[in-house]
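Here is a friendly briefing on a single protein chain, written for someone who likes cut-offs spelled out. Please keep the viewer open while you read.

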Amino acid sequence: MKIDDIKNLLDAEVLCCEENLDRSVFSACGCDLMSDVLAYVKDQAVLLTGLVNPQVVRTAEMMDMVCIVFVRSKTPTEAMLALAEESGIVVMKTEKRLYEACGLLYSNGLIGNVTKK
């Protein structure tokens, strides 16, 4: 799925790095606890969250994520957007709640963690 598809599915507003909307992503994670993202997330390209602080961008950067979607119309600060810009991370916001946003992406083919047996 392209990041542009995510934007359209979630009726999201792009806040940063619009030039990277053509990137492909294959998985996503919905979480507000960045410690959980660091502990449990593997190979996630998109982070959906309602938490608005610089740690979100730093965590996404550490985990090589390419897109952050803030839910419930949460708006990141200019400092957060500047951090994301430095890393080329697309930042968007949507009015949708976390549950609904994750459900829409999942039902349209974007998966979560895949565990190998």
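The notes below go from the overall fold to the strands, the helices, the core and a few backbone angles.

This is a predicted model, in which local features need pLDDT of at least 70 and side-chain atom pairs count only at pLDDT 80 or more, while totals for chains, interfaces and linings use all residues. Residues are numbered from 1 along each chain as its sequence is written, and side-chain values use heavy atoms, with hydrogens and water left out.

**Overall fold**

- The protein chain has five helices and five strands; helices (H or I, at least four residues) and strands (E, at least two) are DSSP runs numbered from the N terminus.
- Read from the N terminus, the order of elements is α-β-β-α-β-α-β-α-β-α.
- The radius of gyration is 13 Å, close to the 13 Å from the globule rule for 117 residues, so the chain is as compact as a globular protein of that length. Here the radius is taken over C-alpha atoms, and the rule is 2.2 Å times the number of residues to the power 0.38.
- Along its principal axes, the C-alpha trace spans about 40 × 30 × 25 Å.
- Of the 117 residues, 44% count as buried; buried means under 20% relative accessible area, exposed means over 50%, and partly exposed lies in between, with a 1.4 Å probe and protein chains only.
- Take the contacts (heavy atoms within 4.5 Å) between residues at least 6 apart in sequence: 52% of them join residues at least 24 apart.

**Strands around β5**

- Strand β5 covers residues 90-93 and is covered on both faces, with Val90 and Met92 buried on one side and Val91 and Lys93 buried on the other.
- β1 pairs with β5 in the antiparallel sense over three bridges; two strands pair if DSSP finds at least two bridges between them. Glu13 stands opposite Lys93 of β5.
- β4 and β5 run parallel and are joined by four bridges, and Val69 has Met92 in β5 as its bridge partner.
- β4, α4 and β5 together make a right-handed β-α-β unit. The term means that, with the strands pointing away from the viewer, the path from the first strand over the helix to the second runs clockwise.

- Leu98, Ala101 and Leu105 are buried in helix α5, which spans residues 98-107. They lie on the same side of α5 because they cover an arc of only 70° around the axis, the arc being that of the directions from the helix axis to the C-beta atoms.
- The face of α5 turned away from that buried side carries Tyr99, Tyr106 and Ser107, which are exposed.
- Among the elements covering the buried residues of α5 are α1 (3-9), β2 and β3 (46-49).
- Leu105 is buried at a relative accessible area of 1%. Beyond its neighbours within four places in sequence, Leu105 is in contact with Met1, Ile6, Leu9, Leu10, Leu48 and Leu110.
- Leu105 and Val41 are 64 residues apart in sequence and 17 Å apart in space, C-alpha to C-alpha.

**Nonpolar core**

- In soluble globular proteins, nonpolar side chains tend to be buried together.
- The largest nonpolar core here has 41 residues, and Ile6, Val46, Leu48 and Met92 have the most contacts inside it. Such a core is a set of buried Ala, Val, Leu, Ile, Met, Phe, Trp, Tyr and Cys residues joined through side-chain atoms within 4.5 Å.
- Setting aside neighbours within four places in sequence, Ile6 is in contact with Met1, Val25, Val46, Val69, Met92, Leu105 and Leu110.

**A buried threonine**

- Thr59 sits in helix α3, residues 54-62, and is buried with a relative accessible area of 1%.
- Not counting residues up to four places away in sequence, Thr59 touches Met34, Val37 and Leu38.

**Positive phi angles**

- Cys17, in the loop between β1 (13-16) and β2 (28-30), has a positive phi near 60° although it is not a glycine. At 3% relative accessibility, Cys17 counts as buried.
- Arg72, also not a glycine, has a positive phi of about 55°. Arg72 lies in the loop between β4 (67-70) and α4 (78-87) and is partly exposed, with a relative accessible area of 36%.
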